[in-house]
Amino acid sequence: MLACTLFFTTETLAETIGIRFIVSEDLGRSIEQQKTTETMLKKYVMELNGYYRNSEVSLNAEIVQIVFSRIEAVEDLQILDDMAHERNGFTDMFQKANEFGADYTVAIAHKLLTQGKPGCGRGYAVNKTVAEISSTRRAFAVVNFVCGAHTLAHELGHLMGLNHGTLVDLCNPNQGHTTAIAPYANGYGEGNCDGKPQTGEFGDIMVGGHMREIMGNDKASLPMYSNPRIHDDRCGKNRTCGDPVIGDAARALNENAHSYASHEEPDVQTLNYGSAEFLECIVKKYKGRKISSLVELACPNSGIRNIAGIEKLTALRRIDLSGNRIEDVSALENLPHDNIEKIDLTGNPQVSCLSLSHLLTSYHEKLARPDSCRYEPPDSHH
């Protein structure tokens, strides 16, 4: 497998879920094609986050890794079986999910068949209990690259306990389309299953491709999860985008948000850092450590110039960065101040004394400064 760049985004007041993409090598035959594929996957995740916001769901997705691999199967069920057994392009899949903090692993196929016909995606399961939605070994799916963000959102919805809903069950009865993590954790729509577009017919993300059976196409499948508190002109004659009893997927997602976001925690060496020297120290001394377990960081005399990324190590209490060539220490301001017991920056003569003065406001006597900044910088007005 060829590993590619990590991407991180931030979203306040939302639980962050990490997605690891395993992409068919047919979508990355050259560096240029890999970059194009990566750009599209970032776009899909950005759109996914838009769906969460549109649905008033407190989730935010980020890509934790993209790798290109030879995915041998083309049938969706076979790909999922290969993923479950970590074979044919998916070696060490669960170990890597653990290492990179991937809550969900998504295979991106160049070609995907469902029962011999072109398909868009399939989730491993509709997870129906908290134990199931909290398990990494039930948190994977396959998506056809050309089907985009809507399919990604739909299949993640299944992994999060959502199902298609009563409208799909009306069109395809006795197939379990309403069995979900809660009675209201379903898609919602209005229609009569005749395959002919009619005024007022619509379906949401979890109705998805089944809109073809209702309207003959899927153009009215709205980019949101069911939520009866949302009123929109596209949501039928009553302008209500859900039902509190049978179609409130947003409620289910918000109720279980923490479980979706706590499958895995990344190892410290998988994060982005500001310099190769800083990363080298992390890899050499702390590889395999979880963020929550790293309370002491000692990287003295390591030639480090840039410590960006240290702010992600939120469990740190004691930090030794003495004897380096650090210039900018602003990243330290973003650590939880109450946790810190000591920061040693002695022997860093290139540190900006002005930036150190900002740190002093937060850390006071906990901060050991280089000799060049023992005193406050002179007032520039005198």
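A polar contact here is a pair of N or O atoms within 3.5 Å; within protein, one must be able to donate a hydrogen and the other to accept it, and residues adjacent in sequence count only if both atoms are side-chain atoms. By that rule, the side chains of asparagine 172 and glutamate 213 make a polar contact at 2.6 Å.

Before going on, the ground rules. This is a predicted model, in which local features need pLDDT of at least 70 and side-chain atom pairs count only at pLDDT 80 or more, while totals for chains, interfaces and linings use all residues. Residues are numbered from 1 along each chain as its sequence is written, and side-chain values use heavy atoms, with hydrogens and water left out.

Back to asparagine 172. Asparagine 172 sits in the loop between helix 6 (166-171) and strand 9 (189-190); helices (H or I, at least four residues) and strands (E, at least two) are DSSP runs, numbered from the N terminus. Is asparagine 172 buried or exposed? Its relative accessible area is 19%, so asparagine 172 is buried, where buried means under 20% relative accessible area, exposed over 50% and partly exposed in between, with a 1.4 Å probe and protein chains only. Leaving aside residues up to four places away in sequence, asparagine 172 touches His177, His210 and Glu213, a contact being heavy atoms within 4.5 Å.

Now the whole protein. There are eleven helices and 14 strands, and 52% of the 382 residues are buried. The C-alpha atoms fill a box of roughly 80 × 45 × 35 Å along the principal axes. Of the contacts between residues at least 6 apart in sequence, 58% join residues at least 24 apart.

On confidence, pLDDT is the predictor's own score for each residue, from 0 to 100. The mean is 92, and 94% of residues reach 70 or more. Over residues 4-12 the pLDDT is below 50, although this stretch has 27 contacts in the model beyond near neighbours in sequence. Where pLDDT is low, the predicted coordinates should not be read in detail.

Which residues of helix 5 are buried? Eleven of its twelve are, so helix 5 is largely enclosed by the rest of the structure; among them are Gly148, His154, Glu155 and His158. The buried residues of helix 5 pack against elements including helix 1, strand 2 (15-24) and strand 8. Helix 5 (residues 148-159) reaches 17 Å from its first C-alpha to its last, close to the 16 Å expected, the expected span being 1.5 Å times one less than the number of residues. After helix 5 comes glycine 161, with a positive phi near 100 degrees.

Helix 1 (residues 31-54) has 24 residues and should span 34 Å; its end C-alpha atoms are 35 Å apart, which agrees. Its buried residues include Gln34, Leu41, Tyr44 and Tyr52. Glutamate 56 follows helix 1, and its phi is positive, near 60 degrees.

Last, the rings. Rings of Phe, Tyr and Trp (its six-membered ring) pair if their centres lie within 6.5 Å; planes under 30 degrees apart count as stacked, over 60 as edge-to-face and the rest as tilted. The structure holds six aromatic pairs. Phenylalanine 94 and phenylalanine 140 form an edge-to-face pair, 6.0 Å centre to centre with 65 degrees between the planes. Phenylalanine 94 lies in helix 3 (residues 93-100) and phenylalanine 140 in strand 8 (residues 140-144), so the pair ties together parts 46 residues apart in sequence. Both are buried. Ring pairs link Phe94, Tyr124 and Phe140 into a cluster.
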